Amino acid sequence: MVLSCGTLAGPSQARPGWVSGTWVYADLCTMPEDGSQAGRRITLKRSPNGDGLVYEGAGLRAPVATSVTIDDATKDVAFRIETETGFVSFQGTAGPDALIGTLDSAAGSQPVRLKRVLRSRAHEACPGETTGSIN
């Protein structure tokens, strides 16, 4: 008995760009002295219907949703939002481990490196300053 298999007309085409999903990058933490929050969290949401972004910062009353510009080839990310304290903009690159770039706000420009958060977890304490210790 001879079995025959169908053949494909040509190689299958991979979808260019990122896969749909949600990526969370954050450095939010809780100050042990007074329980106040420091840092920020950026949640990037990709879907066939469009891209979105949620920006959460310490001291902001609520998360701010905005549109985002993403370059699929380079993974460059840019956004600009208005918060109660003024405009915040970001330009950088989203990687598998971190979101790296420059954040501009009323406080000026600052380099940002937010680790990718893979699991939801309770608010962590901000790391303490270690000065004068030798390991």
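This is a predicted model: local features need pLDDT of at least 70, side-chain atom pairs count only at pLDDT 80 or more; totals for chains, interfaces and linings use all residues.
C29 lies in strand β2, which covers residues 29-30.

**Close-up of C126, the partner of C29 in a disulfide.** C126, in the segment after β11, has a relative accessibility of 12% and therefore also counts as buried.

**Close-up of the bond between C29 and C126.** The structure holds 1 disulfide, formed by C29 and C126 with their sulfur atoms 2.0 Å apart. Because the torsion about the S-S bond is about 90°, this disulfide is right-handed. Since one cysteine belongs to β2 and the other to the segment after β11, the pair ties together parts that are 97 residues apart in sequence.

**Close-up of the largest nonpolar core.** This core has 20 residues, among which Y55, F79 and L99 have the most contacts inside it. Two or more residues are given to the core by each of β1 (21-26), β4 (40-47), β5 (50-57), β8 (76-83), β9 (86-94), β10 (98-105) and β11 (108-117).

**Close-up of the surroundings of L99.** When its neighbours within four places in sequence are left aside, L99 is in contact with Y25, I42, V77, F90, T93, A94, V112, R113 and L114.

**Overview for placing the close-ups.** The protein has 11 strands and 0 helices, and buried residues make up 27% of its 135 residues. Of the contacts with a separation of 6 or more, 29% are between residues 24 or more positions apart. The protein exposes about 9600 Å², of which carbon and sulfur atoms supply 52%.

Key: Residues are numbered from 1 along each chain as its sequence is written. Side-chain values use heavy atoms; hydrogens and water are left out. Helices (H or I, at least four residues) and strands (E, at least two) are DSSP runs, numbered from the N terminus. Buried means under 20% relative accessible area, exposed over 50%, partly exposed in between (1.4 Å probe, protein chains only). Contact means heavy atoms within 4.5 Å. Accessible areas come from the Shrake-Rupley method with a 1.4 Å probe; for residues, only the protein chains shown count as cover. A nonpolar core is a set of buried Ala, Val, Leu, Ile, Met, Phe, Trp, Tyr and Cys residues joined through side-chain atoms within 4.5 Å. A disulfide is a pair of cysteine sulfur atoms within 2.5 Å.
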